[in-house]
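Hello,

Here is the structure I said I would pass on. My notes follow below it.

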Amino acid sequence: MGRLLSLLFVLASTTLLTAAMPGPARGGFTPAERADLERVSDALNRIHTLEGRFVQIGPEGQVDQGRFYIDKPGRMRFEYAPPTPTLIISDGQWVAVENKTLHTTDRYALWTTPLDLILGDDIDLGGNSDIVGVGQQDNQMIIEARSHSGRVNGNITLVFSEPDLALRQWTVRDAQGLLTTVSISDVKTNVPLDPGLFVIGPPSASAKTGP
């Protein structure tokens, strides 16, 4: 899947919309930190649909951008702007990666991809053992997390605006120390989304299907 799917791996490792089973929380959070994590969890749990624009800057300075749509649980769509020829859709069971230039579509079972971790709707950051830090900086809430699920390894920094706790940006440092940053803008939450956005078309003759 390569660089064209790197945004999905970044999203998955952020615990932004994670449905992963919570582990014991990191010891040492102060009451104020726990309160902040609860506020962020509540804000994310109030989001059922999400749409907006994204800009992704990769480790070598490469820039991809486009629009995204999320309908929890299980459905999402990432439309990369030209010249990137990629369209990514999850319909709740399958993830399809379409290359418009090559006219190919690869399919993967949702549960085998990082997306099975980000399309849930029950978040408890305070009870997630991968949350390792939370603090305030320049009218922003900064949350640090780690990922060691076997799918993605690295450290993640999420930036939320205050006081509305809207997610603005996240940066992932992977196991090799390489950074990928994603910024989102023009975000709308809990708006009606056309179900057709999440419909996967028929597979092409050269399609690949994962487990």
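Which residues does S41 touch, not counting residues up to four places away in sequence? The contacts of S41 are I123, D124, L125 and G126, where contact means heavy atoms within 4.5 Å. S41 itself sits in helix α2 (residues 31-45) and is buried, at a relative accessible area of 4%; buried means under 20% relative accessible area, exposed over 50% and partly exposed in between, with a 1.4 Å probe and protein chains only. Helices (H or I, at least four residues) and strands (E, at least two) are DSSP runs, numbered from the N terminus.

On the basis of the notes: this is a predicted model, in which local features need pLDDT of at least 70, side-chain atom pairs count only at pLDDT 80 or more, and totals for chains, interfaces and linings use all residues. Residues are numbered from 1 along each chain as its sequence is written, and side-chain values use heavy atoms, with hydrogens and water left out.

Next, the aromatic rings. Rings of Phe, Tyr and Trp (its six-membered ring) pair if their centres lie within 6.5 Å; planes under 30 degrees apart count as stacked, over 60 as edge-to-face and the rest as tilted. That rule gives three aromatic pairs. F54 and F78 are edge-to-face, because their ring centres are 5.5 Å apart and their planes are at 65°. F54 belongs to strand β1 (residues 49-57) and F78 to strand β3 (residues 75-80), so this pair ties together parts 24 residues apart in sequence. F54 is buried at 2% relative accessibility, and F78 is buried at 3%. F68 and F78 are stacked, 5.9 Å centre to centre with 25° between the planes. F68 lies in strand β2 (residues 63-71), 10 residues from F78. Ring pairs join F54, F68, F78 and Y80 into a cluster.

Regards
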